[in-house]
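Hi,

Here is the structure I said I would pass on.

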Amino acid sequence: MSILAIDTVGSSSSIAIIDHGGKCLVEHNSASNNHIESFFQVLDALFSRHNYTYNEIDRLVVVVGPGSFTGIRVGISAAKGINLVTDKPLYGVSTLEVQAYAISLLRTNSKKNIRAIIKNAQGFYTQLFSFNLLPLSYPTVVRSIAKSKCLDTGMINNNCTTYMDCSLPVLNASHAGLLAHYRLENKQKLGEVKALY
C-alpha cells in the first residue's frame with residue numbers, strides 16, 4: 001500500500017509518499033506561509049524526483065488541524081481535489097494524532113497513555129491516546145495549561161507521556177503518512193476529512 005500524505009497546517013508545508021516498502025519520500029516547502037502558491041510545485045517536485053504518478057498511490061491522507069487556518073483549508077482542498085480526480089480513498093488525521101504517533105515512536109516500550117498538546121491562538125488543544133494510539137478522549141481546547149483543571153485529571157503527570165517528556169522531531173507529512181499506514185495495518189479507524197481549527 002502506498003500513501004500520499006499532505007501536511008500544510010504549520011507555517012511551512014510538506015508532502016510525503018509512503019511507498020509499498022514503507023520508505024518515506026518527502027518534499028518540503030521552505031517558504032513560510034506560502035501554501036497556496038507552492039503546493040502543486042512541491043507535489044510535482046516530489047513526483048518528479050522519485051518517478052511517481054497518481055496511479056501508483058493507493059490512499060490519501062491529510063492533516064486536518066489544529067494549526068494555520070489558511071494552511072488547513074489549502075491542505076484539505078488540495079486533498080479533496082486529488083481524491084476527486086483519482087478516486088483514491090481519503091482520510092484525515094489531526095495534528096494531535098500525528099504528535100501522539102511521534103511520541104509513541106520515542107517510547108516504544110512504554111505502556112503509558114500519550115497526551116498530545118498543540119498550542120494555537122485559542123490556547124492549547126489536547127487529547128489523550130492509549131499507548132497503541134487509540135483515542136481515549138476528544139480534542140479539547142484549554143485556555144491555559146498552568147491554570148487548567150486538566151492538571152488535576154492526569155493531563156500532565158506520571159500516568160501519561162506528553163511531548164514535554166521527550167524530544168520530538170519536527171513533524172511533517174511523513175509522520176501523517178506513517179500514522180495512516182500504522183492505523184490501516186492494525187485495522188484501526190481513520191478519521192474523516194473535517195477541519196479542526
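**Strand β1 and its neighbours**

Four bridges join strand β1 to strand β4 (residues 59-63), and the two run parallel. Strands here are DSSP runs of E with at least two residues, helices are runs of H or I with at least four, and both are numbered from the N terminus. Two strands count as paired if DSSP finds at least two bridges between them.

Before going further, some housekeeping. This is a predicted model, so local features need pLDDT of at least 70 and side-chain atom pairs count only at pLDDT 80 or more, while totals for chains, interfaces and linings use all residues. Residues are numbered from 1 along each chain as its sequence is written, and side-chain values use heavy atoms, with hydrogens and water left out.

Back to β1. On its other pairing, β1 is joined by five bridges to strand β2 (residues 13-18), and these two run antiparallel. A hairpin of five residues links β1 to β2.

How much of β1 is buried? Five of the five residues of β1 (residues 3-7) are, so the strand is largely enclosed by the rest of the structure. Buried means under 20% relative accessible area, exposed means over 50%, and partly exposed is in between (1.4 Å probe, protein chains only). I3, A5 and D7 point one way from β1, while L4 and I6 point the other way.

L60 has L90 as its bridge partner in β5. In β5, L90 and G92 point one way and Y91 and V93 the other, and all of them are buried.

In strand β6 (residues 113-120) you will find R115. Is R115 buried or exposed? R115 is buried, with a relative accessible area of 10%. Its side chain makes a polar contact of 3.3 Å with the side chain of T126. (A polar contact is a pair of N or O atoms within 3.5 Å; within protein, one must be able to donate a hydrogen and the other to accept it, and residues adjacent in sequence count only if both atoms are side-chain atoms.)

Helix α3 (residues 95-106) and helix α4 (residues 173-185) have axes that come within 9 Å and cross at roughly 80°. The two are therefore roughly perpendicular to each other, a label that covers angles of 65 to 115 degrees. The α3 side of the contact (heavy atoms within 4.5 Å) is E97, V98, Y101 and A102, and the α4 side is H175, A176, L178, L179, Y182 and R183. These divide into seven nonpolar, one polar and two charged residues.

Most residues other than glycine have a negative phi, and most peptide bonds are trans. Here are some exceptions. The peptide bond from G65 to P66 is cis, with omega near 0°, and P66 sits in the loop between β4 and α2. D87, in the loop between α2 and β5, has a positive phi near 60° and is exposed at 67% relative accessibility. K187, in the segment after α4, has a positive phi near 55° and is exposed at 76%.

Cheers

Definitions and conventions:
Axes are lines fitted to C-alpha atoms, for helices over the stretch in contact, and angles run from 0 to 180 degrees between N-to-C directions. Angles under 35 degrees count as roughly parallel, over 145 as roughly antiparallel, 65 to 115 as roughly perpendicular and the rest as oblique. Ala, Val, Leu, Ile, Met, Phe, Trp, Tyr, Cys and Pro count as nonpolar, Asp, Glu, Lys and Arg as charged, and the others, Gly among them, as polar.
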